[in-house]
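Take a first walk through this fold. Start with the view below, then read on.

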Amino acid sequence: MSEVANQQLRDFVDSLEEEWKAQVPQLQTEPISVVARLVRMSYYVERRVAINLARYDLNRGEFEVLAVLTRNPEENITPKILQTKILITSGGLSNRIRKLEEKGLLVRLPDPNDRRGVILTATEKGKEKALQAVKTH
């Protein structure tokens, strides 16, 4: 590849790597550049996902909850099961559940196996919204 073409392909991470090498010449910068590019790519993907889901009046967290419930219609999904499927804290999950309930997208039903527990179920409106969103997700 010519030097001119190589210069045109440079990005922020190339500069970052050069700056570190200038300050700490013995530093192995290859891992830094890989991780930096993954983090930057993640940012761009997350932004596109947010824009897409906003079309359905959902954020990523709300979509994740509805997606689990829609994919598993025969399974009794408790908040604990949902936590393991989407890797979220109980506090964060409670917020998502409350918001989806307020939007009429899910309901809490009594858990027949635990008097204090609940089963989460997507409403028809919630299922429809998840199925619409997943097509463009």
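Predicted model: local features only at pLDDT ≥ 70, side-chain atom pairs only at ≥ 80, totals over all residues.

Residues are numbered from 1 along each chain as its sequence is written, and side-chain values use heavy atoms, with hydrogens and water left out.

Begin with helix 7, residues 124-136. Helices (H or I, at least four residues) and strands (E, at least two) are DSSP runs, numbered from the N terminus. G126, K129, A130 and A133 of helix 7 are buried (under 20% relative accessible area, with exposed over 50% and partly exposed in between; 1.4 Å probe, protein chains only). Seen down the axis, these buried residues fall within an arc of 100°, so they line one face of helix 7. The arc is that of the directions from the helix axis to the C-beta atoms. E124 and K135, on the other side, are exposed. The buried residues pack against helix 3 (30-54), helix 4 (60-71) and strand 2 (114-122).

Now turn to the largest nonpolar core, which has 23 residues. Such a core is a set of buried Ala, Val, Leu, Ile, Met, Phe, Trp, Tyr and Cys residues joined through side-chain atoms within 4.5 Å. Helix 4 gives the largest share, six residues. L58, V65 and L82 have the most contacts inside the core.

Finish with the strands. Strand 1 (residues 106-111) pairs with strand 2 in the antiparallel sense over six bridges; pairing takes at least two bridges found by DSSP. A hairpin of two residues joins them. L109 stands opposite I119 in strand 2.

Methods. Expected span 1.5 Å × (residues − 1). Contact = heavy atoms within 4.5 Å.
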